[in-house]
Amino acid sequence: MKKVNHPIEAVLFDLDGTILDTADDLGAALNFVLTQYQLPLVAPNDYRPVASDGALGLLRLGFGDLLDNYDYEQLRAEFLEYYQQNIATHTKIYAGLEDTLQSLSQAAIPWGIITNKPIGLTNELLPHFPLLADSAINLGGDSLAKKKPDPLPMHVACQALNVKPENCLYIGDAPRDIEAGNAANMTTVIAGWGYILDHAKCNQWHADIFAKTTEDLHQIIFTADRTNYNQTS
């Protein structure tokens, strides 16, 4: 495990399930597509844990074994069109993160967003939340040649912010987030409030820190001693 008590020079976040709760808008897009094909709708308790997996994960959930019987690209196009047209109907910033993001900006600690969401959709979504205009860098899943779990976006973001990866936190709610951050030698933080079905399995992700709540995250960022939050390996 890396030492995690050194000063933080930058903080990078995943988007869906970390900064923004987008699950109900993504679930609505899934259920719209299912309705077009006269298939049963998916309940929130079922689609929320899959929300970070994007169109493919959600369509697999909704269509199940029937997915191979359809033109996936057509289904994806229908899903994304509906989502784009209704992108911020239910989406909201997770409670408590507003204070953390404002505190980062006030402390002149740069922060940014690295998501696997397509950058076009990311750029349409972020303006609905004025606070997110302070993000110093936004990278989507198609911004570069590779996306998470590859560490390339992490390295590009650190270069843009002029910080070393080892002095940067990366916060996310999926194994690919932690894998990418670890590969870049960042201090990795699990967003325990995100789309995680089983917290008991989070130790298998090999993150440095587990933040159960957004309040925990605030303490982790702005408190010198973070040992109370260290993940066991």
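**View 1. Helices α5 and α9 pass each other in a left-handed crossing.** Left-handed here says that the near helix is turned anticlockwise from the far one by less than a right angle, while clockwise would be right-handed. This is a predicted model, where local features need pLDDT of at least 70, side-chain atom pairs count only at pLDDT 80 or more, and totals for chains, interfaces and linings use all residues. Residues are numbered from 1 along each chain as its sequence is written, and side-chain values use heavy atoms, leaving out hydrogens and water. Helix α5 covers residues 97–106 and helix α9 residues 214–222; helices (H or I, at least four residues) and strands (E, at least two) are DSSP runs, numbered from the N terminus. Their axes come within 9 Å and cross at roughly 20 degrees. Axes are lines fitted to C-alpha atoms, for helices over the stretch in contact, and angles run from 0 to 180 degrees between N-to-C directions. The crossing therefore makes α5 roughly parallel to α9 (under 35 degrees is roughly parallel, over 145 roughly antiparallel, 65 to 115 roughly perpendicular, and the rest oblique).

**View 2. Helix α1 meets helix α3 at an angle of roughly 45 degrees.** Look for residues 23–36 and residues 54–63, whose axes come within 10 Å. That makes α1 oblique to α3. In α1, Leu26, Leu30, Val33 and Leu34 meet Leu58, Leu59, Gly62 and Phe63 of α3; contact means heavy atoms within 4.5 Å. These residues divide into 7 nonpolar, 1 polar and no charged (Ala, Val, Leu, Ile, Met, Phe, Trp, Tyr, Cys and Pro count as nonpolar, Asp, Glu, Lys and Arg as charged, and the others, Gly among them, as polar).

**View 3. Aspartate 16 sits in the loop between β1 (10–13) and β2 (20–21).** With a relative accessible area of 8%, aspartate 16 is buried (buried is under 20%, exposed over 50%, partly exposed in between, with a 1.4 Å probe and protein chains only). Leaving aside neighbours within four places in sequence, the contacts of aspartate 16 include Thr22, Ser52, Lys117 and Tyr195.

**View 4. Asparagine 116 lies in the loop between β4 (111–114) and α6 (119–125).** Its relative accessibility is 21%, so asparagine 116 counts as partly exposed. Now find lysine 147: it is 31 residues apart from asparagine 116 along the chain, yet their C-alpha atoms are separated by 6.4 Å. Not counting residues up to four places away in sequence, asparagine 116 touches Gly141, Lys147, Lys148 and Arg176.
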